[in-house]
Each structure stands twice: as structure tokens, then as C-alpha cells.
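Look over the sequence and the structure before reading on.

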Amino acid sequence: MNFIDKMHEINMRKYYIDNIRWITILLLVPYHAAMAWNVWGEPNYIFFENNKIISSIVVFFSPYFMPLMFFIAGISTRSALQKRTIGQYVLERAKKLLIPFIFGTVLIMPPMTYMADKFNYGYQGNLFQHYAVFFTHFTDLTGADGGFSAGQFWFILYLFLISLIAAGIILLQRKIMHLKDIPFLIWTLRKIFVDNIIYMLSLEVVVSIQGIYKILKYKCKVTVLNSR
């Protein structure tokens with residue numbers, strides 16, 4: 001990329017997207033820290049006590065927090081594909097998503113689950129001994145019991161998998177668009193199913209996350225009612 005192309009890329013960059021991204025990432029800190037005071041009994045690496053005020057941070061951000069992060073990632077993907085081939089895009093996603101996911105799961109999550117095991121279950125071994133527990137103990141994948149977990153890095157893995165699916169769909173779309181003499185019916189089906197399939201996948205992710213949130217919210221109400 002020469003100097004002119006770099007200047008053009010800088011001028012075309014949408015800085016408000018960058019600002020939304022870093023603000024959202026910054027909010028991850030109080031969001032996940034507040035889980036140590038959650039009032040709905042969800043397992044966590046450490047837990048102090050029930051606190052409705054601090055738990056309200058999680059409740060406030062949960063409905064739109066993850067959909068917003070997926071939406072921002074989708075905007076970035078569209079911009080990336082305008083300047084790269086499919087192969088370059090997949091390679092870049094592997095470097096930026098798959099490698100950090102492996103690094104975080106192998107090196108960052110074991111100490112976190114070690115702390116959880118000591119705090120929640122009184123684990124007596126040291127950190128290095130706990131690596132054997134981490135890579136052999138598979139339960140609910142939360143890591144709160146010391147077992148294997150991708151932790152917060154699940155989001156990176158999801159982005160990578162969705163990126164691969166999106167790349168395949170876009171590649172298929174481009175091949176269909178280059179076909180000549182396409183009958184009107186095939187052209188219509190392509191416009192309906194192929195052009196909108198990425199939007200449908202994104203919508204499915206958002207709906208699924210919102211559904212999970214509603215289920216957790218319902219369980220929270222049941223837990224609170226049963227504790228009275």
C-alpha cells in the first residue's frame with residue numbers, strides 16, 4: 001500500500017465507529033466486574049455478596065451490549081472486504097481473532113479458573129498443578145468451578161466462525177453475480193436469499209442473545225422468589 005492509498009484509507013475511516021468500539025470495550029470492565037455481586041446466582045470466578053445496585057450495571061447493559069458489539073464487528077467486516085480479497089480477509093481474521101483466542105484460552109484463562117477454584121471450592125494445589133485440572137475438567141464451561149473455559153474469549157471465537165461463514169457466502173454471491181444469462185426467477189431468488197443471508201445470520205445472533213438474556217432474567221426472578 002503506497003502513501004496515497006494510506007492517506008485515502010485514513011480519510012475514509014469512520015472515526016465514530018472507532019469511538020463506539022473503544023467505549024464499548026471499556027465498558028466490559030465494570031460489566032464483568034459487577035458479576036461478582038450478581039443477585040441471580042450465576043456462577044462467577046469470585047463472588048462477594050448480593051448487591052442489587054451493582055448488579056443493575058449488568059441488567060442495564062445486557063439487552064443491547066452484545067448485539068452492539070456484533071453490529072460493530074459487522075461494519076468493520078464490510079469495510080475490510082472492500083479493500084481485501086476473500087483469502088486476504090480470512091488470513092487477517094485468523095491473525096486478529098483465532099491467534100488471540102488461542103493465546104487467551106491457553107495462557108489467561110487457566111490463572112482465572114485457578115482463582116475461581118480456590119475461591120469457590122478451596123483448591124489446595126498451585127497454579128501449575130491446576131493446569132492439569134483446566135485441560136481435563138469439562139463441565140458447564142463457565143470456568144467458575146476451575147474447569148475448562150474460553151471465558152470472555154468466546155466472543156472472539158464466534159466472530160472468527162461467523163467471519164468464515166460470511167466469507168463463504170460472499171464468495172458464493174460473487175460467483176453467482178458473474179454468471180451470464182441468469183433467468184429472472186434465479187435472479188430473484190438470489191436477491192432474496194443470498195443478498196440477505198448475512199443480515200439474517202446477524203439477526204439470528206441478536207435474537208438468540210436476547211432470548212438467552214430473557215431466560216436468565218426469568219431464572220433470576222424464580223431464584224429470588226424461592227429465596228423468600
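## Helix contacts, cores and loops

Thr105, Val106, Leu107, Met109, Pro110, Pro111, Thr113, Tyr114 and Asp117 of helix H4 are in contact with Leu127, His130, Tyr131, Val133 and Phe134 of helix H5. By type, the residues of this contact are 10 nonpolar, three polar and one charged. H4 covers residues 86-121 and H5 covers residues 127-134; their axes come within 9 Å and cross at roughly 100°. An angle from 65 to 115 degrees counts as roughly perpendicular, so H4 is roughly perpendicular to H5. The model described here is a predicted one.

The chain as a whole has eight helices and zero strands. Read from the N terminus, its elements run α-α-α-α-α-α-α-α. The chain has 228 residues, and buried residues make up 30% of them. Of the contacts between residues at least 6 apart in sequence, 61% join residues at least 24 apart.

Which residues have the most contacts inside the largest nonpolar core? They are Val58, Phe65, Met66, Phe155 and Leu159, in a core of 24 residues. Helix H3 (52-83), H4 and helix H6 (154-177) are the elements that give two or more residues to this core. H3 supplies the largest share, seven residues. In soluble globular proteins, nonpolar side chains tend to be buried together. Leucine 159 touches Phe70, Ala73 and Leu97, if residues up to four places away in sequence are not counted. There is also a second, separate core of six residues, with Ala80, Leu81, Ala167 and Ile170 among them.

The aromatic rings come next. The count of aromatic pairs is 13. In one of these pairs, the ring centres of tryptophan 154 and phenylalanine 155 are 6.0 Å apart and the planes stand at 85°, so the pair is edge-to-face. The cut-off behind this is that planes over 60 degrees apart count as edge-to-face. Is phenylalanine 155 buried or exposed? Its relative accessibility is 11%, so phenylalanine 155 counts as buried. Tryptophan 154, at 31%, counts as partly exposed. Elsewhere, Tyr131, Phe134, Phe135, Phe138 and Phe148 form one aromatic cluster. Two residues of this cluster, Tyr131 and Phe134, also belong to the contact of H5 with H4.

Two loop residues can be described in the same way. Leucine 141 is placed in the loop between H5 and H6. Its phi is near 65°, which is a positive value in a residue other than glycine. Phenylalanine 48 lies in the loop between helix H2 (15-33) and H3. Leaving aside neighbours within four places in sequence, phenylalanine 48 is in contact with Ala36 and Trp37. Phenylalanine 48 and tryptophan 37 are 11 residues apart along the chain, and their C-alpha atoms are separated by 5.9 Å.

| Residue | Relative accessibility | Class |
|---|---|---|
| Phenylalanine 155 | 11% | buried |
| Tryptophan 154 | 31% | partly exposed |
| Phenylalanine 48 | 46% | partly exposed |
| Leucine 141 | 48% | partly exposed |

The classes rest on cut-offs: buried means under 20% relative accessible area, exposed means over 50%, and partly exposed lies in between. Leucine 141, at 48%, is therefore partly exposed, and phenylalanine 48, at 46%, is therefore partly exposed as well.

How values were computed
Residues numbered from 1 in each chain as written. Predicted model: local features only at pLDDT ≥ 70, side-chain atom pairs only at ≥ 80, totals over all residues. Heavy atoms only, no water. Axes fitted to C-alpha atoms, helices over the stretch in contact; angles between N-to-C directions. Helix = DSSP H or I, 4+ residues; strand = E, 2+ residues; numbered from the N terminus. Parallel < 35°, antiparallel > 145°, perpendicular 65-115°, else oblique. Contact = heavy atoms within 4.5 Å. Nonpolar A, V, L, I, M, F, W, Y, C, P; charged D, E, K, R; others polar. Core = buried A, V, L, I, M, F, W, Y, C linked by side-chain atoms within 4.5 Å. Buried < 20%, exposed > 50% of the residue type's maximum accessible area, 1.4 Å probe, protein only. Phe/Tyr/Trp six-rings, centres within 6.5 Å; stacked < 30°, edge-to-face > 60°.
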